[in-house]
Amino acid sequence: MDILQAALKALHFTDLTSLNNNDTPRDISALCAAADTPFGSPAAVCVFPEMVVWAKHELQRLNLPQIKVATVTNFPFGSEDIERAVAETERAVACGADEVDVVFPWRALKNGDTQCGFDLVSACKAACGVTAQLKVIIESGELQTKDLIRSASDIAISAGADFIKTSTGKVPVNATLEAAEVMLTAIKASGKNCGFKAAGGVRTASEAAAYLTLAESIMGRSWLTAEHFRFGASSLLKNLLATLAGKDAATSEGY
């Protein structure tokens, strides 16, 4: 896969993200405006739940109805409080979120509890109903070991996750190719229609290309669509656009 092909795929597979505690409607308007590019649009914008309605409004105003609105729940710490995670997910769906990225209770898994994660994901999937997809953030950088990353992936997939996602982007180690390989292998072994999202730390077209090449090698070329693969990024888009425009992308970061 050459760099231009990878950059175009990555653009169309990106969840353009703004999850800052001081986000304002103006910030989300800027995020949505950035999604209107000369090379097409990203798959989604990802915002805090209180910004979902505004993001939907702005995308409609900009005539970008094809872009989904994603949000986060049980974020960023991955609490073991299932009732709270479900309530947050229900509210997000009621606000119109197309996709919900819920944080897996990874600390419980590290402490040997495999049931909490299954129950939380299963309940949040039920809360999404037929309205929204559920993307499960396993926080691979905090789980650290391949065995725990695989266990979290297997649990989330078996509980009904539509995607498994590496990271919140709020911890020291986020997406890595090593974690991605474990997670993609888990998806392949499951035989289920589950996607993968690399989130946090993917900043350039060349870095995105490495993930796309890995996914294609494990899952096959036909699997590699926005319905199965996403990047969660706040600083990738500008680099992708510079690459596609033939400009110096080395210093192009931020949306």
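**View 1. Helix α4 (residues 82-94) and helix α6 (residues 115-128) have axes that come within 9 Å and cross at roughly 25 degrees.** This is a predicted model, in which local features need pLDDT of at least 70 and side-chain atom pairs count only at pLDDT 80 or more, while totals for chains, interfaces and linings use all residues. Residues are numbered from 1 along each chain as its sequence is written, and side-chain values use heavy atoms, with hydrogens and water left out. The helices here are DSSP runs of H or I, at least four residues, and strands are runs of E, at least two, both numbered from the N terminus. Axes are lines fitted to C-alpha atoms, for helices over the stretch in contact, and angles run from 0 to 180 degrees between N-to-C directions. So α4 and α6 are roughly parallel to each other (under 35 degrees; over 145 would be roughly antiparallel, 65 to 115 roughly perpendicular and the rest oblique). Their crossing is right-handed, meaning that the near helix is turned clockwise from the far one by less than a right angle, with anticlockwise for left-handed.

**View 2. Side chains where α4 meets α6.** On the α4 side you'll find Ile-82, Ala-85, Val-86, Thr-89, Glu-90 and Val-93, facing Cys-116, Asp-119, Leu-120, Ala-123, Cys-124, Ala-127 and Cys-128 of α6; contact means heavy atoms within 4.5 Å. The tally for this contact is ten nonpolar, one polar and two charged residues (Ala, Val, Leu, Ile, Met, Phe, Trp, Tyr, Cys and Pro count as nonpolar, Asp, Glu, Lys and Arg as charged, and the others, Gly among them, as polar).

**View 3. Helix α1 (residues 3-12) packs with helix α10 (residues 205-219) at about 85 degrees, axes 9 Å apart.** That makes α1 roughly perpendicular to α10. Ile-3, Ala-6, Ala-7, Lys-9 and Ala-10 of α1 touch Ala-205, Ser-206, Ala-208, Ala-209 and Leu-212 of α10. The contact splits into eight nonpolar residues, one polar and one charged.

**View 4. α1 also packs with helix α11 (residues 237-244), at about 140 degrees and with axes 9 Å apart.** These two helices are therefore oblique to each other, and their crossing is left-handed. From α1 come Ile-3, Leu-4, Ala-7, Leu-8, Ala-10 and Leu-11; from α11, Leu-237, Leu-240, Leu-241, Thr-243 and Leu-244. Ten of the contact residues are nonpolar, one is polar and none is charged.

**View 5. Two loops with backbone details.** Pro-76 sits in the loop between β3 (68-73) and α4, and the peptide bond from Phe-75 to Pro-76 is cis, with omega near 0 degrees. Glu-139, in the loop between β5 (133-137) and α7 (140-143), has phi near 55 degrees, a positive value in a residue other than glycine.

**View 6. The largest pocket, with a volume of about 360 Å³.** Its lining has 22 residues, with Thr-17, Thr-168, Gly-169, Gly-200 and Ser-234 nearest the centre. Strands β1 (14-18), β7 (195-199) and β8 (229-233) each give two or more lining residues. By class, the lining has six nonpolar, twelve polar and four charged residues. A pocket, on a 1 Å grid over the protein atoms alone, is an open set of points where a 1.4 Å probe fits, with protein on both sides within 12 Å along at least five of seven lines; lining residues have an atom within 4 Å of a point. Grid points are joined across faces, edges and corners, and the volume is the space filled by probe spheres set on the points.
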